[in-house]
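Grab a pencil and work through these exercises with the structure open beside you. Each task comes with its solution.

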Amino acid sequence: MTQLNNQMKLRAVVAASAMAFGVASMSAQAAPVTDWGYSTDLQFTGTPVFGGNGTGGSPSSSTYELSWGNVNGDFKNPSSNSANNRSALTIGSFASSPETLTTTGPSGSPATSAQQGHPVTVSADGVFTGNEIGRGTSFTHWNNVLDGGFRTLTAATFTDTITFFPNVNPNGTYTSPPSVSGPTLTFNFQFRETPNGGNANGLCADGSNPASWTNGCPDLLGYTGVNVINNAFSYLGDTYFAHILQLKADGTVDQIGIGHLTNGECSYLGLANGCFGFRTLEGTTTTERFGFAITNTTISVPEPGSLALLGLGLFGLGAL
């Protein structure tokens, strides 16, 4: 009887040890991911609208490029004759080295952690520096002076799809799943080529003097209603939050989220007050660079102009 009891005790110890080892193994496997590989693909989706005040020209559209103006014009190399010119919006990769402004060749969108050369480290404090910043895609407005008779872009849609890869190599490469779907953000935007000399009162849409801008009033791109921070995704029971960043040319953070346009500019675009967007200078090439960061908790709104509050509800208002 004593021997039987000892055997039963031994089995219980072995079973308990095995269970403890199993729990420990599960805990080790489920440890939060600290570094994420990524692929982020920005595309023009849907059917763009070309109109404006003109009826001529030959607009064209593809997944990574919209262009309008003279069919024989080269938006990268404009001429002094506005009747020969063409303008464009193109999508490129800021993760590539050197960065690409179009998708010509193998290094355009999507932008990946392999192009960047390292994964994205999860930020513990919401202050994004160094490897906590994932360089993503960009869009460039090749804003050339066009003849007034050309049709111009007035509306289109950007869709940005982000996929994350856990536990990638130190150089950011990944070879196979598992993969985790990050946020898919769809921006239905309005676009206007504004009169360089301003409106009937000689003012730009924001009320400024055209002389205060390079070559006159800037063109405008704006949208409403997209949440660009605190986008949640989950992996093995842990929740993470992705935040869209505007980046400077050196890769540092310009701002978290997307900035506001003025109420006058929103109205010019046919959008409600508080819309978000960008200004692009006439006769120049303007590139807006995007990235993202990941945290394991939500972050608060750093400033009113850097976040689309729609969808954040009371959290956004409380943070403000």
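A cavity, on a 1 Å grid over the protein atoms alone, is a set of points where a 1.4 Å probe fits but cannot get out, and lining residues have an atom within 4 Å of a point. Its volume is the space filled by probe spheres set on the points, which are joined across faces, edges and corners. You're looking at a predicted model, where local features need pLDDT of at least 70, side-chain atom pairs count only at pLDDT 80 or more, and totals for chains, interfaces and linings use all residues. Residues are numbered from 1 along each chain as its sequence is written, and side-chain values use heavy atoms, with hydrogens and water left out.

**Exercise 1.** Work out the volume of the largest cavity and what lines it.

*Solution.* 
- Start with size: the largest cavity takes up about 170 Å³.
- Then sort the lining by class: 11 nonpolar, one polar and one charged (Ala, Val, Leu, Ile, Met, Phe, Trp, Tyr, Cys and Pro count as nonpolar, Asp, Glu, Lys and Arg as charged, the others, Gly among them, as polar).

**Exercise 2.** Find what phenylalanine 164 touches.

*Solution.* 
- Skip neighbours within four places in sequence; its contacts (heavy atoms within 4.5 Å) then include Trp36, Tyr38, Phe233 and Ile294.

Conventions:
1 Å grid on protein atoms, 1.4 Å probe; cavity = no way out; pocket = protein on both sides within 12 Å on 5 of 7 lines; lining within 4 Å.
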